[in-house]
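Today I would like to go through the salt bridges in one structure. Please have a look at it first.

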Amino acid sequence: MKLGRRATTTLALLGTTVLMTAVQTVSAQAHDASLRDLAKQRGIRIGTAVNVDALADDSQYASVVGDQFNSVTAENVMKWETVEPSPGTFDFAPADTLVRYAARHHQEVRGHTLLWHNQLPGWLTDGVADGSITADDLRDILHRHITAEVSHFKGKIYQWDVVNEVLNEDGTLRDSIWSQKLGDSFIADAFRWAHQADPHAKLFLNDYNIESKGAKSDAYYDLVKRLRAQGVPIDGVGFQGHLDIQYDFPSDLADNMARFDALGLATSVTEADVRIPLPADEADLTRQASDYSGMLAACLATEHCTSFTVWGFTDAYSWVPGTFEGEGAANLYDESYQPKPAYTAVADTLAKQRPGHGHHGGHRH
Ligand code: XIL
């Protein structure tokens with residue numbers, strides 16, 4: 001595998017321009033090690049979201065997951081519609097496959113996600129809409145779901161995205177079945193129930209567009225402060241990191257993470273990808289590489305930033321083209337599993353000495 005990876009890296013680099021020459025010298029060394037080896041030396045986890053169908057059907061996909069990453073997140077199969085397709089009936093089979101794969105490959109698992117407004121089963125959304133599920137029912141259903149799922153994976157998940165995407169851009173509570181029926185009480189409840197089911201798992205809030213300081217991330221800052229003051233067992237905040245080269249890089253990401261760190265919270269980059277309006281040219285790929293390494297550098301600069309997870313690693317299976325019209329090419333590898341400049345940039349950033357920390361000195365949890 002090592003030789004193969006070096007060979008493909010070389011091929012990819014041959015296709016780049018003079019611009020990349022400076023980077024090539026460093027990366028020649030960096031690429032002798034996998035991302036997971038480099039990350040280990042930095043005391044950080046490097047993760048990817050995993051498409052379990054691709055993991056089963058595409059051996060090239062599976063070998064990159066195993067070789068390059070030491071943390072995995074289920075891209076879809078731990079979500080409500082998959083896990084509880086009918087009331088009180090649970091299907092953990094696809095997620096179990098991933099958890100077993102991770103154990104075989106000495107990888108940690110990030111659990112994603114217990115409570116969200118998307119990918120809910122029809123019985124739940126329909127029941128709330130037609131009134132057959134009351135507020136009290138919904139609270140019980142949420143309790144049962146969280147307890148069943150967290151208990152099932154107890155001891156096998158190091159971080160859970162307990163609550164996903166609950167705030168609007170202006171910092172107010174997002175309109176959803178949860179907020180409509182339960183106000184904002186469901187957030188504290190979800191964390192308490194998850195903690196009861198697995199006291200050792202680290203429990204996270206997770207959202208997008210909170211990389212920069214602003215209304216939304218300020219509201220998260222206030223929310224976690226309030227929850228902690230109330231004794232709610234919340235351990236961390238996940239910055240999804242879905243970026244787009246059309247917009248400025250969130251250059252205050254490290255500053256922003258630092259204020260959460262100062263509250264005593266862990267942080268993670270949980271879903272990094274950097275989309276490009278298609279077709280992507282050389283300059284776009286260079287900008288993309290810089291955005292990836294910028295996000296990773298912010299995490300490395302933050303004492304308790306525990307992991308950097310990409311939302312898929314190959315353009316072959318990205319969610320981006322199906323969601324953002326005319327955009328794509330968002331990942332570290334292209335559709336043929338050739339590493340892109342972004343891969344090199346991530347490897348180089350991991351290989352750099354972390355200021356104030358020994359090269360092997362990872363004191364992260
Ligand atoms: C996405 C998956 O990648 C897609 O396959 C699925 O169709 C929709 O969800 N924020 C999240 C993730 O927290 O769960 C989303 O994943 C991407 C945005």
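**Salt bridges, pair by pair**

Start with Asp244 and Arg275, whose side chains form a salt bridge at 3.3 Å, N to O. By salt bridge I mean a side-chain nitrogen of Lys or Arg within 4 Å of a carboxyl oxygen of Asp or Glu. Asp244 is in strand β7 (residues 242-244) and Arg275 in strand β8 (residues 266-277), so this pair ties together parts 31 residues apart in sequence. Helices (H or I, at least four residues) and strands (E, at least two) are DSSP runs, numbered from the N terminus.

A word on the source: this is a predicted model, where local features need pLDDT of at least 70 and side-chain atom pairs count only at pLDDT 80 or more, while totals for chains, interfaces and linings use all residues. Residues are numbered from 1 along each chain as its sequence is written, and side-chain values use heavy atoms, with hydrogens and water left out.

Is Asp244 buried or exposed? Asp244 is buried, at 4% relative accessibility, and Arg275 is buried at 10%. Buried means under 20% relative accessible area, exposed over 50%, and partly exposed in between (1.4 Å probe, protein chains only).

Next, Arg139 and Asp189 form a salt bridge at 3.1 Å, N to O. This pair links distant parts of the chain, with Arg139 in helix α9 (residues 135-152) and Asp189 in helix α11 (residues 185-197), 50 residues apart. Arg139 is partly exposed at 36%, whereas Asp189 is buried at 12%.

Last, Arg287 and Asp291 form a salt bridge at 2.8 Å, N to O. They sit four residues apart in helix α14 (residues 282-300), so about one helical turn separates them.
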